[in-house]
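Reader: Hi! I'm new to this one, could you walk me through it?
Author: Happy to, let's take a look together.

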Amino acid sequence: MLYVSRTIQDPASQRLTWYKPPLTVLVIKKVRDVSVLQPFVQLVKWLIEEKHMVVFVEQTVMDDTLLINNPGFSVVKEKLMTFRDGKDDLTDKIDFIICLGGDGTLLYASLLFQQSVPPVMAFHLGSLGFLTPFEFDNFQEQVTNVLEGHAALTLRSRLRCIIVRKNDELNRTSKPPTNLLVLNEVVIDRGPSPYLSNIDLFLDGKHITSVQGDGLIVSTPTGSTAYAVAAGASMIHPSVPAIMVTPICPHSLSFRPIVVPAGVELKIMLNSDARSTACVSFDGRYQQEMHVGDSLRVTTSVYPVPSICAQDQISDWFDSLAECLHWNVRKRQKHLDELSDLTHSSSNDTLDSLDHTDQLDS
């Protein structure tokens, strides 16, 4: 007889381990937000002067007029290393990433590293902050703990998205296909067209269904609490190996969101009867147009985003659900003992009102 068993990994076992002391750190700050400037200057100055780390920032940060006029920034400005998005390769140059802002800063960090991603520590200085569990008040102690390896990790899976154009196989000299990793979701919608999207969905080569509606969201568990949840999807813990498929306003009463295993390949194409093209966007960026014959291939990437936890995987996620989305907020139901007095007084009030009504009638 064959006995089949499987080991289920305990989320608490995912801990941060440095194979060598981190020497370089990339600091990403929220753009066009004055409230982030002073924390940014404090952090960068402390990392350089107290921790003796090499700090990288984006070149646009150096050109920020508000920062240029900041006395604290002028002290460390010359010691900063810079890079230009889309031109400079940061692979193997960064040991550690710190984000200051909202969830968008973590998405930007994911975009910068299209292969292996250094551990990311995200401070909540934005508006929502679902993916940013750290408060900035005692940043020195928190960063020191992380640098010493005292932290839990959440490995946030990403999706590899490849657009294959209809003529790519015929035209061998065409440019390489779009190939991007996304942390939240890839969205296929009708764009500015007034017509319904008509999209065919395949799973490992098998036609699953056709989507007629505003579009389709293919998301990671991390993205389940973003656009997908607004479209009616379930919320999935980021450690669950899965891909979510959520229709956007389907013209059907029975089309519910589905969850498929992380190991499958999804192929999305326009139906041959589609009345218009479709638009594709990747984590809200790089919008492209798809035509009949083009296909979008989506698989789970082998390069997750190691997100550092403020407490642990479970506590951080449920705290975010409660604080950011007010999950399951409801007034407490009273005990029956608390209702007895109210019931008694309500009955008396009813009898008194009846007597008063009888007097008026007479």
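Reader: How far apart are the C-alpha centres of domain 1 and domain 2?
Author: They lie 31 Å apart. This is a predicted model, in which local features need pLDDT of at least 70 and side-chain atom pairs count only at pLDDT 80 or more, while totals for chains, interfaces and linings use all residues. Residues are numbered from 1 along each chain as its sequence is written, and side-chain values use heavy atoms, leaving out hydrogens and water.

Reader: Thanks! Which residues make up domain 1 and domain 2?
Author: Domain 1 is 19-152 + 309-322, and domain 2 is 158-302. Those bounds come from an automatic or database domain assignment.

Reader: How much area do the two domains bury between them?
Author: About 1300 Å², with 59% of it on carbon and sulfur atoms. Buried area here is the accessible area (1.4 Å probe) that two parts lose on being put together, summed over both. On the domain 1 side, Leu107, Gln114 and Trp317 lose the most area to domain 2, together 42% of what that side buries.

Reader: And how many residues are in contact there?
Author: 15 residues of domain 1 are in contact with 17 residues of domain 2, where contact means heavy atoms within 4.5 Å.

Reader: Trp317 came up just now. Which residues of H8 are buried?
Author: Trp317 is one of them, along with Gln313, Asp316, Ser320, Leu321 and Cys324. Buried means under 20% relative accessible area, exposed over 50% and partly exposed in between (1.4 Å probe, protein chains only).

Reader: Why are they on the same side of H8?
Author: Because they cover an arc of only 135 degrees around the axis. The arc is that of the directions from the helix axis to the C-beta atoms. Strand E6 (153-156) is included in what covers them. Helices (H or I, at least four residues) and strands (E, at least two) are DSSP runs, numbered from the N terminus.

Reader: What happens at the start of H8, and just after it?
Author: At the start, a side-chain oxygen of Asp312 reaches to within 3.0 Å of the backbone nitrogen of Ile314. Just after H8, His326 takes a positive phi of about 50 degrees.

Reader: New topic: is Asp168 buried or exposed?
Author: Asp168 is buried, with a relative accessible area of 19%. Its place is in the loop between strand E7 (159-164) and strand E8 (178-182). The C-alpha atoms of Asp168 and Asp294 are separated by 9.2 Å, and these two residues are 126 residues apart along the chain.

Definitions and conventions
Polar contact = N/O pair within 3.5 Å; in protein donor to acceptor, adjacent residues only side chain to side chain.
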